[in-house]
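Subject: Structure for you, with notes

Hello,

Here is the structure I promised you. Please open it next to this email and read the two together.

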There are 2 protein chains.
Amino acid sequence: MVAILLSLTDLAIYGVLRVYGVRSIRWSRIVRPIFLINFAESRQIRRAFRSIRNTLPEITYVFLLFMFSLLMFSLMALKLFGERNLQTAEGLPYFRNYLEIVFDLYVLVTTANSPDVMMPAFDFSSWYALFFIAFVIVNTYIFMSLFLAVVYNNYKKHLKNEIRKLAYMKRRKMIEAFNLLKEEEGEQLVVREARWKQLVKLVAPDISNSHRELLLRISDNEQKGFVDKKSFVQLADLLNIQVVTLKLRSHPLARWVPRVYGSAASRLLRGLVRHRAFVWTYDAIILINAIFIALDEETPYISYAEWVFLALYITEILLKVYTYEPRAFFGKTQFWNWFDTLIIFAALTATILNATLKSTTKYNSQQILDIVFILRVLRLIRIVDSIQRFRVIMNTLINIVPTMLTFGGLTLVVYCVFAIIGMELFHGKIQFFPADSNAPHALECGNPALKDSLFARGKYCKNNFNDFASSFIVLMELTVVNQWHVFANGFANVTVQPAKLYFIAFHIVMVIIIVNIFVSFILEAFFVEYSLEKSEVETAIEQKIQELGMGVQEDELQDEQLLDNMESDEHELEGEGGAKPQPKGLVFKIASKTPFPLLRRPFCVPCPHLTTL
Amino acid sequence: MVAILLSLTDLAIYGVLRVYGVRSIRWSRIVRPIFLINFAESRQIRRAFRSIRNTLPEITYVFLLFMFSLLMFSLMALKLFGERNLQTAEGLPYFRNYLEIVFDLYVLVTTANSPDVMMPAFDFSSWYALFFIAFVIVNTYIFMSLFLAVVYNNYKKHLKNEIRKLAYMKRRKMIEAFNLLKEEEGEQLVVREARWKQLVKLVAPDISNSHRELLLRISDNEQKGFVDKKSFVQLADLLNIQVVTLKLRSHPLARWVPRVYGSAASRLLRGLVRHRAFVWTYDAIILINAIFIALDEETPYISYAEWVFLALYITEILLKVYTYEPRAFFGKTQFWNWFDTLIIFAALTATILNATLKSTTKYNSQQILDIVFILRVLRLIRIVDSIQRFRVIMNTLINIVPTMLTFGGLTLVVYCVFAIIGMELFHGKIQFFPADSNAPHALECGNPALKDSLFARGKYCKNNFNDFASSFIVLMELTVVNQWHVFANGFANVTVQPAKLYFIAFHIVMVIIIVNIFVSFILEAFFVEYSLEKSEVETAIEQKIQELGMGVQEDELQDEQLLDNMESDEHELEGEGGAKPQPKGLVFKIASKTPFPLLRRPFCVPCPHLTTL
């Protein structure tokens, strides 16, 4: 609401001033990215922003201390080098002006101008290197790590608080629900089995009957026909844990043409496909393929070889679908199978398209060819999946992709704000001309102020704020940090010197805060991955699964056994009473990970009440 | 032993070959830094090396995956850009040769050549920026964070294992000791009080009587006159915890000239010094001093002002010593008082020296002047201590200095190895000439192979491997990472292209492993600082101190009360039996931190047996 109001005010002011012929700045544009955050879908981003806001006080103290250290070192540098009449490699005066020293040393903290900033003093006397070594150790190594520590610590803490709040809310709601549904049973207040089942069917309509029975067994451990308050409150957690119902199912071909599918030749073929040597053969093929890709494209042999490789890969997929159950092969959790198939078929389509274009127009389409190249190389990733150790790392990386998207959103919002400001400040000041252009000052990006600057010499003219896309790419380069001082100096030269503040502000917001949060997140995700503890509730479910004899050993799992729980048989386990059931072909398994590890196991400080609340 | 043997073999071979006129490489020089590690004092460094060795397998997997990703992206880059005939800003061919692409993209991972490496492709088509964005996200952000995560995790784990081993050893030794000293007491086997005291006096001769009594009270909780096995085993931990004995002592002047010291004027003065306004006044003086430092030195007013400031600071120290107890003021834990006094007196000495030299020889000595400048600026750090929040951060930083020295040792060993190799490879290839030199190729660092190279253009000639000191500075610059590819290319140009491998190896060892360990360590130290839990044993001692009525509130603590425990009175507490003692002027306090936080509280995973073992 405030954002809308601000925008309207701005619009009004702008309109009025326009009438009187004054062109004012549309400052409310900066507010617009707030609308991005306010979508219902961006709850994660809002939460991240809230946690950043909470981190700010703590970070401010470290930042002030860091600034103090920077100012102190700058003062020292001014006294040590200010009157030596030294010159930089570009022939400019070296360390004369206090504010310039502060900027240069701030850049050194980001390491972007090391060792250039040191060379004049170092050439003058080797001892001065000690000053810069001390500076780098204190500011780059210690303070930058300190920022990471503060961001990490606070991010964790506030996220944990939010989770605790959520857990508290959940518990309260569950107790409310219990009070509505409770009946008297002897001396206890309980929820009866029938009502409990009705409730679960209502709140989780898409879990299988057998899964529901499993949950009931856990909630009503002694099979008394009712669920007590303590177990009832746990229900929300139980429902949150993904239990995969596994089923040994026969191949559809085995049902349709059982004689052919069961024949000796077919069995031999399937045996071959399941054999380790099959995987090794294809790994070898991928390696040979890699060499062929690296070789020159123009030789006709090699472009034929591409067709051979495509054929081999397609054969592989067909053989696998023949051997394994297709629905299991393309199950929701079978990331690699999906990846393989999509890449291969996209490559096939693109290659055919390219060949058709070539035979009709005699020209390669550059875009399609680029895509074909990329797809061909991506195909090679497959080899990583063959090595168990790599697969673990890759799976963790794949698991954290959804949360990385939150960071994508966060970055987008920050980029939007800075892109809008940047376009306000620097629009049109720097222009890009193709190499063969005859425009005046083409080599100085169309702006004589950049003559002999590092910006023009580095041929950075295409890095400008003339449109949104260019701004985003400039901001990306600023995020990567290197050479950002060249950008800052370049854009300050074409406008005013205080424009450097824009770049410093971006560095503080993006690199010191957001990138550190991203690093914290990756650290966190891998720590959780390394500490293989399961939560109490998960352990309870697993125990029950084992008790009921429906567990499955990790190593027994074959790809073809994985099935989504919606496909499980509806009639099993129902009404079997106390007898230990041994349903053939039906097993449960706890799905390995929830997408956001922090939500799964609060980091570090043991909080047992978090998972059992 | 192996190192000595290798060195001798090398010496023999070298000698024999020398006789025949062949100059071979003294390869055993690389082994020499091993001798550095083998000092008895470098146990910490050896432990760190052991933990690095244990980290290697885990890191190797991530590294292989990272290399795979790098090779894949390089292949893609070759296919996308290889045949476009693009040129870099220096007019060199862009992305033609596979190995060069791999090197360029490896450099991009370290961000050292961003955005230069992207510009030719980006100028050609904006879409190609996406390739580099994807590359940076995957390799720079994700993989580099992954390295940090793996290093951090393993470092923690292996250090914890070592500590666990040590704790186990300690427990076993303590049980052995108990078995030697035990006597029968009723049904229990115990150690009697007299023998226990004798033992403590023997193993810890320098703790005070009252401190020993305190420990006895904890070990013999019910005052039965003996210590049972469980409490006895705890003794080692009890002795490890630093307990500061505080004593309210009167000022020596109050004893020597009580009438003067107790007079109204003296009391008023002391009241003023203790007042907050006194601190504020000096903070204001420091700020004004900062401005004066920044101003020009040559104005006579300002050089007089320097004397005024020096006088003011000395007055401050004298006033404080007058007000507070001198031995407490210069206590072991009073870092800031020591710091202040040393800086001021060093500045005084240097300034007087400088003034004397100036008046006698009419010239400033540059070295002394530099030192004076640095000391003057360092004085300003004092202001940080006035703000509570900054003080906490500073204290943590000061606490971790001892362990940082371990990293210093680690770095020294790695630097030595690489410096020796670097001097073998690059000695004399690059020379530094002063700016006014007439030597041939002075601008190309004395080597025509560097003509037009970025190395010569950046005036990096003084960065060479001609002696140990220069090598160390080059390695420091390589640790900071920026522009390392310019060094690598420069040194490869003056020798052979594979010399780049030296620089890549250094980056892997130093930046990916050692710097990450350093960052982990800083993170760890601050996490421990943020989680203010005390170990069980510490809590037990603190409880006892409170029980005995000898505790002290943190906020009651004044600087003048701090005393080292060796200075405490020997006659108190002795033989007071069961009565609750209320010794006037004697209080205990647990010293805030042990120097190495990891040893204090094992990170994250709760291991109660670690501290109580």
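Below is what was found, starting with how the model is to be read.

**Ground rules**

This is a predicted model: local features need pLDDT of at least 70, side-chain atom pairs count only at pLDDT 80 or more, and totals for chains, interfaces and linings use all residues. Residues are numbered from 1 along each chain as its sequence is written, chains are lettered from A and ligands numbered from 1 in the order in which they are written, and side-chain values use heavy atoms, with hydrogens and water left out.

**Confidence**

The model scores ipTM 0.81 and pTM 0.81. Helix 4 (residues 98-109) of chain A has the highest confidence in that chain, at 93. Helix 27 (residues 608-612) of chain A has the lowest, at a mean of 32. Helices here are DSSP runs (H or I, at least four residues), numbered from the N terminus.

Two stretches need care. Over residues 553-585 of chain A, pLDDT stays under 50. Over residues 592-613 of chain A, pLDDT also stays under 50. Where pLDDT is low, the predicted coordinates should not be read in detail.

**How the chains meet**

In chain B, 88 residues are in contact (heavy atoms within 4.5 Å) with 88 residues of chain A. The buried area is about 8500 Å². That is the accessible area (1.4 Å probe) that two parts lose on being put together, summed over both. Carbon and sulfur atoms give 73% of the area buried between chain B and chain A.

The rule finds 20 residue pairs in polar contact across this interface, both residues being at pLDDT 80 or more. A polar contact is a pair of N or O atoms within 3.5 Å; within protein, one must be able to donate a hydrogen and the other to accept it, and residues adjacent in sequence count only if both atoms are side-chain atoms. Several elements give two or more residues to the chain B side, among them helix 3 (43-81), helix 6 (129-181) and helix 24 (500-530) of chain B. The residues on that side divide into 61 nonpolar, 13 polar and 14 charged. Ala, Val, Leu, Ile, Met, Phe, Trp, Tyr, Cys and Pro count as nonpolar, Asp, Glu, Lys and Arg as charged, and the others, Gly among them, as polar.

**Symmetry**

A rotation of 180° with 0.0 Å of shift along its axis superposes chain B on chain A, with RMSD 0.2 Å. The two copies are thus related as by a two-fold rotation axis.

**Salt bridges**

A salt bridge is a side-chain nitrogen of Lys or Arg within 4 Å of a carboxyl oxygen of Asp or Glu. Four lie across the interface of chain B and chain A. A:Asp370 pairs with B:Arg84, the closest N and O atoms being 3.4 Å apart.

**Backbone**

The peptide bond from A:Ser114 to A:Pro115 is cis, with omega near -5°. A:Pro115 sits in the loop between helix 4 and helix 5 (119-124) of chain A.

Best wishes

How values were computed:
Copies are superposed by least squares on the C-alpha atoms of residues with pLDDT of at least 70 in both. pLDDT is the predictor's confidence in each residue, from 0 to 100.
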